[in-house]
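Trainee: I would like to learn how to read a protein model. Could you take me through one, feature by feature?

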Amino acid sequence: MGDSYILYDDKFNEECGVFGAINVSNASEVIYYGLHALQHRGQEGCGIVSSDLNEMYKLKGEGLVTEVFNEDNLSNLLGNMAIGHVRYSTNGGGGIENVQPFLFKHHTGDFGLCHNGNIVNSNELRRFLEIQGSIFQSTSDSEIFAHLIKKDNQTNRVEAIKQALNRLEGAFAFLAMTRDKLYIMRDKNSLRPLSIGTLNGGYVVSSETCAFEVVGAKFLRDVLPGEVIIIDEKSNITSDFYAQKTYKNMCAMEYIYFSRPDSDIEGINVHTSRKETGRALARENPVDADIIIWVPDSSVSAALGYSEESKIPAEMGLIKNRYVGRTFITPSQKMREKGVKMKLSPVRSIVNGKRVIVVDDSMVRGTTAKKIIQLLRDAGAKEVHLRIASPPITHPCFYGVDTSTYDELIMARCSINEVKEMIKADSLAYISVEGFLNAMGRSQLCLSCFTGNYPTYIYQDIQEANKDGKF
Ligand code: AMP
Ligand code: SF4
């Protein structure tokens, strides 16, 4: 990722997953399986903090869940309550000090904390807290929240948490844990998903419902926008709200790309939503062709929808090498381009001599599209038509999803026709914003990366972007 990335966001994005459990025997083991199901949300590092009501235990490390944890070290994380985190970092990582959960020591009681999302006023808050004497150990937003909670020395813990949450602007799903309580918090715009389930008389909470299936939990409900849920060691559950005005601005990219297809977000299954989007894409942008292929794996559902609607058969025209990381993780453009080639291979016998429609879930920099079209032509495809199951991404995300910067976003700089020429497609079309919303069956979502209408003020980032005259 180039220097321009730093211009808009000089801290690491938090594109992560959280999982918690309370009153569940061997909680850390349950968290292990939960985090494993959320591994797609972050591969850089992971951690677990547990409590046996007397002591709190912590283990975290860089790498995948299966690399950091084993039977031995999990058995040291005692107790029937725990929280865990998988971390994705976009720019060099930030090292172990940014891997969560954090375990804070305080005379009023120790507490663990982890989160998914991105706080847009974190620079302001950090400066404000530093002036008041706080010293930070990491660049994570979680640490800012912890300092805010303890700043006013309030005796009422829930009020302190609510006050701290009110100072935060942006996207977050927080899990906090004291020795005997679990705190579950979601931002008032509900930008990031968070759901609660039940398991053997206890509770689990997860960024995505796909993890419930794995641990054998039953979905109970989604955490509401602005909600603060507290569950104690006797499974008493209370709900409160830190904000009076709340909004349903779930991140559209969770449905489009980020979440697992077997997850349900706010009552809508991710696979089904992608399939409906694919159908709408076919209705809006039909083209004559012999086969439809998908870009593995996040575009399968949209391609199936496109195929059902257009009656053109869906085929497996591209194979993914599972042993290569996501193309986004490699830092330089040159490396990223190589990454695509290592990752995807065309199936020559399927595409040779055919007019091919390629369905992809999104286009960010255009790197994947350009390479795929070249690969397919080299493998004998007669025509290649690209259909994108999300609207053009024209603005960066400030809420924790790595959708890149203005400089790198191809549709922020070029027209559809220019992009078509650049990637050498026979045709290129995107679903419209209206078509997308209709297909989703939702009237409201965060669509800021497509529209530039952000649901919150963006603080420092607007000033930075303005310097470049782009906002
Ligand atoms: P690009 O090659 O830069 O145009 O990226 C587009 C590809 O990246 C698509 O195939 C998407 O499936 C995938 N993608 C979209 N959003 C993200 C994201 N936030 N992180 C990683 N990959 C993504
Ligand atoms: Fe999601 Fe885009 Fe909104 Fe970011 S700007 S939260 S990626 S929809």
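**Reading the fold**

Mentor: Among contacts in the protein between residues at least 6 apart in sequence, 70% join residues at least 24 apart. Keep in mind that this is a predicted model.

Trainee: How many helices and strands does the protein have?

Mentor: There are 19 helices and 22 strands. The protein has 471 residues, and 60% of them count as buried.

Trainee: Which residues of helix α11 are buried?

Mentor: Helix α11 spans residues 300-310, and its buried residues are Ser301, Ala302, Ala303, Gly305, Tyr306 and Ser307. Their cover includes the helix α10 (270-284). It also includes the strands β16 (291-294), β17 (314-315), β20 (355-360) and β21 (383-388). After α11 comes Lys311, which has a positive phi, near 65°.

Trainee: Let us turn to salt bridges. How many does the structure hold?

Mentor: It holds 24 salt bridges. To read one, look for a side-chain nitrogen of Lys or Arg within 4 Å of a carboxyl oxygen of Asp or Glu. One of them joins the side chains of Lys105 and Asp110, at 3.5 Å from N to O.

Trainee: Are Lys105 and Asp110 buried or exposed?

Mentor: Lys105 has a relative accessible area of 62%, so this residue is exposed. Asp110 counts as buried because its relative accessibility is 12%; the cut-off for buried is under 20%.

Trainee: Which residues do salt bridges join into one network?

Mentor: Lys275, Glu276, Arg279, Arg283, Glu308 and Glu309 are joined into one network by salt bridges that share partners. Another salt bridge links the side chains of Lys420 and Glu421, at 3.5 Å from N to O.

Trainee: How is a pocket read, and how much space lies in the second largest pocket?

Mentor: Rolling a probe the size of a water molecule over the atoms shows where empty space is left. In this model the second largest pocket holds about 400 Å³ of space. It is lined by 19 residues, and those closest to its centre are Phe104, Lys105, Gln137, Glu143 and His147.

Trainee: Which elements supply the lining of the second largest pocket?

Mentor: At least two residues each come from β3 (56-62), β5 (102-104) and α6. The largest share is that of α6, with five residues. Sorted by class, the lining has seven nonpolar, five polar and seven charged residues.

Trainee: What surrounds ligand 2?

Mentor: The surrounding residues are Arg192, Cys251, Ala252, Met253, Cys397, Tyr399, Val401, Cys446, Ser448 and Cys449. Two helices, α9 (252-258) and α18 (448-451), each supply at least two residues of this shell. By class, the shell has eight nonpolar residues, one polar and one charged.

Trainee: Now the backbone. Which peptide bonds are cis?

Mentor: One of them runs from Gln100 to Pro101, with omega near 0°. Pro101 is in the loop between β4 (81-87) and β5. The bond from Pro296 to Asp297 is also cis, with omega near -10°. Asp297 is in the loop between β16 and α11.

Trainee: Are Ser190 and Asn200 buried or exposed?

Mentor: Ser190 is buried, because its relative accessible area is 0%. Asn200 has 73% relative accessibility, so this residue counts as exposed.

Trainee: Where is Gly133?

Mentor: Gly133 sits in the loop between α5 (122-131) and α6 (141-151). Its relative accessible area is 52%, so Gly133 is exposed. Gly133 and Lys151 are 18 residues apart in sequence, and their C-alpha atoms are 9.9 Å apart in space.

Terms used. Residues are numbered from 1 along each chain as its sequence is written. Chains are lettered from A and ligands numbered from 1 in the order in which they are written. This is a predicted model: local features need pLDDT of at least 70, side-chain atom pairs count only at pLDDT 80 or more; totals for chains, interfaces and linings use all residues. Side-chain values use heavy atoms; hydrogens and water are left out. A residue is near a molecule or strand if one of its heavy atoms lies within 4 Å of it. Helices (H or I, at least four residues) and strands (E, at least two) are DSSP runs, numbered from the N terminus. Ala, Val, Leu, Ile, Met, Phe, Trp, Tyr, Cys and Pro count as nonpolar, Asp, Glu, Lys and Arg as charged, and the others, Gly among them, as polar. Buried means under 20% relative accessible area, exposed over 50%, partly exposed in between (1.4 Å probe, protein chains only). On a 1 Å grid over the protein atoms alone, a cavity is a set of points where a 1.4 Å probe fits but cannot get out, and a pocket is an open set with protein on both sides within 12 Å along at least five of seven lines; lining residues have an atom within 4 Å of a point. Grid points are joined across faces, edges and corners, and a volume is the space filled by probe spheres set on the points. Contact means heavy atoms within 4.5 Å.
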